[in-house]
Amino acid sequence: ITPATPDRVHTIVFWSKNFGPFIEGGFGEKLIKMGFNLFFNFTINSDSPVLEPNVPPLKKRLKQLDFLCNNFGPEGINWRFDPICFFKTKKEGVKDNLRDLPMIAKKASKSGIKRCITSFMDDYPKIRRRVASIPGFSFIDPPLEKKKGIILELEKELAAKKINLYTCCEKELMNILPANSNIKQSSCIPNDLLVKIYGGNLSFRKDSGQRIKQGCGCMVSNDIGSYNLHPCYHNCLFCYANPCPVS
């Protein structure tokens, strides 16, 4: 077994909706002291007890983002607003989770964030089974033209705050965007960016285990996480990954 020492690991990439335990444990400082480079994918969506029942309140998550930017540098942080969801409830009709995005963008920009990654929810069979037990609830997949309008509005909203917009696995949508749009395909494991920030050498080859045909730009890396051994307890209704059912 090859030891994961700083001389063998270029960067540790963290991915979370709640960096509270990481911050409270001082783990970032410990890893920096050991000689590791750190990069963060921080998903911050609108407050929605229906969609994301166990994430901390938005106010706390924004404080966490501010802490990460102040202590580890905003250049090493991707803000993910992901996924954009449309859904229908018996009481309230059709809704979406875009409500808090302008406020999040304002706070993120103030913290120094320059990149936002987004995508529209993919309706996997696992998700359909999960929501089947919720009376009157269903997810809605908007037409492609509606998605185009939404994403272009988001681009305009974020550009005003000097944040660049990227899409995750939205090849079909990217293909119909106007030529003057600056929206780019994302890379959540961005080896080219990691080299730009921290120097050194990394492969820029695409990760063949990812959804390349759908537009995934992630580059080769070693994933040390496990959905089974390290289950997520946020219980997000739209989660494509967690094998644990939402209760």
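**View 1. What lines the second largest pocket.** Sorted by type, the lining of this pocket comes out as 12 nonpolar, 1 polar and 8 charged residues. This is a predicted model, and the pocket holds about 320 Å³ of space. Of its 21 lining residues, M121, D122, D141, K147 and E170 lie nearest the centre. The top contributor is α7, with 3 residues.

**View 2. The open sheet and its β9 edge.** Six strands line up here in the order β1-β2-β3-β6-β8-β9, with parallel pairing. At the edges sit β1 (12–16) and β9 (184–185), each pairing on one side only. Zoom in on β9 and you'll find β8 (residues 164–167) running parallel to it, joined over 2 bridges. In one of these strands, β9, K184 is the bridge partner of Y166.

**View 3. A buried salt bridge, R80 with D82.** The model has 9 salt bridges in total. In the R80–D82 one, the closest N and O atoms are 2.6 Å apart. Both R80 and D82 are buried.

View 4. K95 and E92 meet through their side chains at 3.3 Å, N to O. K95 counts as partly exposed because its relative accessibility is 31%, while E92 is exposed at 54%. R99 and D100 also form a salt bridge, with their closest N and O atoms 3.3 Å apart. Here D100 has 12% relative accessibility, so it counts as buried, whereas R99, at 59%, is exposed.

Definitions and conventions: Residues numbered from 1 in each chain as written. Predicted model: local features only at pLDDT ≥ 70, side-chain atom pairs only at ≥ 80, totals over all residues. Heavy atoms only, no water. 1 Å grid on protein atoms, 1.4 Å probe; cavity = no way out; pocket = protein on both sides within 12 Å on 5 of 7 lines; lining within 4 Å. Points joined across faces, edges and corners; volume = space filled by probe spheres on them. Helix = DSSP H or I, 4+ residues; strand = E, 2+ residues; numbered from the N terminus. Nonpolar A, V, L, I, M, F, W, Y, C, P; charged D, E, K, R; others polar. Pairing = 2+ DSSP bridges. Salt bridge = Lys/Arg side-chain N within 4 Å of Asp/Glu carboxyl O. Buried < 20%, exposed > 50% of the residue type's maximum accessible area, 1.4 Å probe, protein only.
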